[in-house]
Amino acid sequence: MSEIKRLLLIQCLNYAEERIKNAQDAILSARDAATNDTKSSAGDKYETTREMMQQEISRNQKLLDEAQRIKYSLSTIHSESKSTIAQSGSLVITSEGNFFIAVSAGQITIKEKLFFAISPASPIGSKLSGLQKGDTFKFNGKNFEILEVS
């Protein structure tokens, strides 16, 4: 299980790094567009373009900040740590699916098995938190039994 957790953590870190790179690239692109727009066109058009690029930079800066927070939260997870209670960093195997409680990174396939990387604050993450092997819960009309927590 710790090998699977390690691989899941790597995939989540790759997800965070990709988000950081995309946001940084978008910020650079918007800055270049704002800088390269010359005043040879009408003044109002120039100012409108600069304002639109500034809004784009601000939007992407927020995305960058969020991606950096995700990366930081992943840095606090240790794949070799074990717990009997579902919490951030836990791998939870249930009768209805496999969940890695870390960040909302979607579906990840490891060794031909499907896992869902979920945030502890997500609806399913909230349901799982604090539960342990043998516990049951209902989510979206389905009954889940926790088969294993690592």
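Good morning. Helices here are DSSP runs of H or I with at least four residues, strands are runs of E with at least two, and both are numbered from the N terminus. On that basis, the elements of the protein run α-α-β-β-β-β-α-β-β from the N terminus on, giving 3 helices and 6 strands.

Two remarks on the source are in order. This is a predicted model, in which local features need pLDDT of at least 70 and side-chain atom pairs count only at pLDDT 80 or more, while totals for chains, interfaces and linings use all residues. Residues are numbered from 1 along each chain as its sequence is written, and side-chain values use heavy atoms, with hydrogens and water left out.

Let me turn to the overall shape. The C-alpha trace spans about 70 × 30 × 25 Å along its principal axes. Of the 150 residues, 36% are buried, meaning under 20% relative accessible area with a 1.4 Å probe, protein chains only. A contact means heavy atoms within 4.5 Å; among contacts between residues at least 6 apart in sequence, 56% join residues at least 24 apart.

I now come to the aromatic residues. Rings of Phe, Tyr and Trp (its six-membered ring) pair if their centres lie within 6.5 Å; planes under 30 degrees apart count as stacked, over 60 as edge-to-face and the rest as tilted. A search of the whole structure finds 4 such pairs. In one of them, phenylalanine 99 and phenylalanine 144 have ring centres 6.4 Å apart and planes at 50°, so the pair is tilted. This pair links distant parts of the chain, 45 residues apart: phenylalanine 99 lies in strand E2 (residues 97-101) and phenylalanine 144 in strand E6 (residues 142-149). Phenylalanine 139 also pairs with phenylalanine 144; their centres are 6.4 Å apart and their planes at 70°, so this pair is edge-to-face. Phenylalanine 99 and phenylalanine 144 are both buried, and phenylalanine 139 is buried as well. Ring pairs join Phe99, Phe116, Phe137, Phe139 and Phe144 into a cluster.

Finally, where is asparagine 60 found? Asparagine 60 belongs to helix H2 (residues 43-75) and is buried, with a relative accessible area of 4%. Leaving aside residues up to four places away in sequence, asparagine 60 touches Ala23, Ala26 and Ile27. Thank you.

How values were computed:
Buried means under 20% relative accessible area, exposed over 50%, partly exposed in between (1.4 Å probe, protein chains only).
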